[in-house]
Amino acid sequence: MKVVLFCGGLGTRIREYSEKVPKPMIPVGSQPIMMHIMQYYSRYGHRDFILCLGYKANIIKEFFLNYKPQLFTDCVVSNHGEKVEFLDAMPADWSVSMIDTGIWRNIGERLMEVRAHLIHEEMFLANYSDGLSDVDLDDMIEKFRQSGKVACFLATRPPLTYHLVDMDGAGTVREFRSSNRSEMWINGGYFIMTPKIFDYMQPGEELVLEPFQRLIDDGQLMAYRYEGFWRSMDTLRDRQTLEDMVEKGQMPWSVERKGPGKLSQSLSEVSRA
């Protein structure tokens, strides 16, 4: 199944890094957050990627055109350096299409720009490229397939630390509760769609505004509720949270699948000349 990754935004809320590199290339641990996301999809067997480029597109192109796993992955060196094994490097069967969709385009416009690559698919996956999760993608896809709807998104709890106040019109407080006990759900940025989505889109529209409202009106939008791990990287503080998790070895988004469909960790081997 093809995976569309939206990689062209300016990343203004994490400008400390995005002034130098596009947001998907901001490192989490030893590699860009985009690689963590691509490895997540790869573990489920989805290795045909379409990157919608924009801001600083050349940096992403250079990363893949001059891919150097020794800079981003663990490795095993033997025979006095003559043999190098790269652990969890980019598998050889990945297909990465890099499409320049413009700098000032919104998500809907970027998706329209790669329509020709998706129109004949039964369904496809899409991601904002700035959030990590351990959601069971197989289950999400199966639930979506059974629904018969046009589009689906991951609905998750916002990682808020606020206390919410329930009060009446006079200001009398009825309840004071932690945000994790609220019924707030947000769009987690993990999508599944069929090509029928393009029938609901018009030029210039943002994907989750007008097109999704039309889907809602037709009863064609599904939310997959998930209360497990999900974390976006919108701010420097978010990045530090993910960095802390990597340093502690707590990376639920990178855990290997279990059961009959498990994929073994890839091992790429090269020899030095």
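Trainee: Which residue forms a salt bridge with Arg214?
Mentor: Glu205 does, with the closest N and O atoms 2.7 Å apart. A salt bridge here is a side-chain nitrogen of Lys or Arg within 4 Å of a carboxyl oxygen of Asp or Glu. Keep in mind that this is a predicted model: local features need pLDDT of at least 70, side-chain atom pairs count only at pLDDT 80 or more, and totals for chains, interfaces and linings use all residues. Residues are numbered from 1 along each chain as its sequence is written, and side-chain values use heavy atoms, with hydrogens and water left out.

Trainee: Is Glu205 buried or exposed?
Mentor: Glu205 is buried, at a relative accessible area of 11%. Arg214 is partly exposed, at 29%. Buried means under 20% relative accessible area, exposed over 50%, partly exposed in between (1.4 Å probe, protein chains only).

Trainee: How many salt bridges are there in the whole structure?
Mentor: A search finds 13. One of them joins the side chains of Lys23 and Asp234, at 3.3 Å from N to O. That pair links distant parts of the chain, 211 residues apart. Lys23 sits in the loop between α1 (15-18) and β2 (27-28), and Asp234 in the loop between β15 (230-232) and α7 (236-247). Helices (H or I, at least four residues) and strands (E, at least two) are DSSP runs, numbered from the N terminus.

Trainee: Which residues are linked with Lys23 in a network of salt bridges?
Mentor: Asp130 and Asp234. Lys23 and Asp234 are both buried. Another salt bridge joins the side chains of Asp238 and Arg231, at 3.3 Å from N to O. Asp238 and Arg231 are buried as well.

Trainee: New topic, α5. Which of its residues are buried?
Mentor: In α5 (residues 137-147) they are Leu137, Met140, Ile141 and Phe144. These four cover an arc of only 95° around the axis, so they lie on the same side of α5. The arc is that of the directions from the helix axis to the C-beta atoms.

Trainee: Why do residues three or four places apart point the same way?
Mentor: Because an α-helix has 3.6 residues a turn.

Trainee: What do the buried residues of α5 pack against?
Mentor: They pack against α2 (33-43), β8 (124-127), β10 (151-156), β13 (186-193) and β14 (221-226). Contact means heavy atoms within 4.5 Å.

Trainee: And what happens at the start of α5?
Mentor: There, a side-chain oxygen of Asp136 reaches to within 3.2 Å of the backbone nitrogen of Asp138. After α5 comes Gly148, with a positive phi near 70°.

Trainee: Where is Ile197?
Mentor: Ile197 is in the loop between β13 and α6 (210-217). Its relative accessibility is 0%, so Ile197 counts as buried.

Trainee: Which residues is Ile197 in contact with, leaving aside neighbours within four places in sequence?
Mentor: Phe124, Val150, Ala151, Leu207, Phe212 and Leu215. Phe212 is 15 residues from Ile197 in sequence, and their C-alpha atoms are 8.9 Å apart.

Trainee: Cysteines next. How many disulfides does the structure hold?
Mentor: It holds 0. A disulfide is a pair of cysteine sulfur atoms within 2.5 Å. Cys52 is in no disulfide, and the nearest cysteine sulfur, that of Cys7, is 7.0 Å away. Cys52 counts as buried, at 0% relative accessibility. Cys152 is also buried, at 0%.

Note on methods. A polar contact is a pair of N or O atoms within 3.5 Å; within protein, one must be able to donate a hydrogen and the other to accept it, and residues adjacent in sequence count only if both atoms are side-chain atoms.
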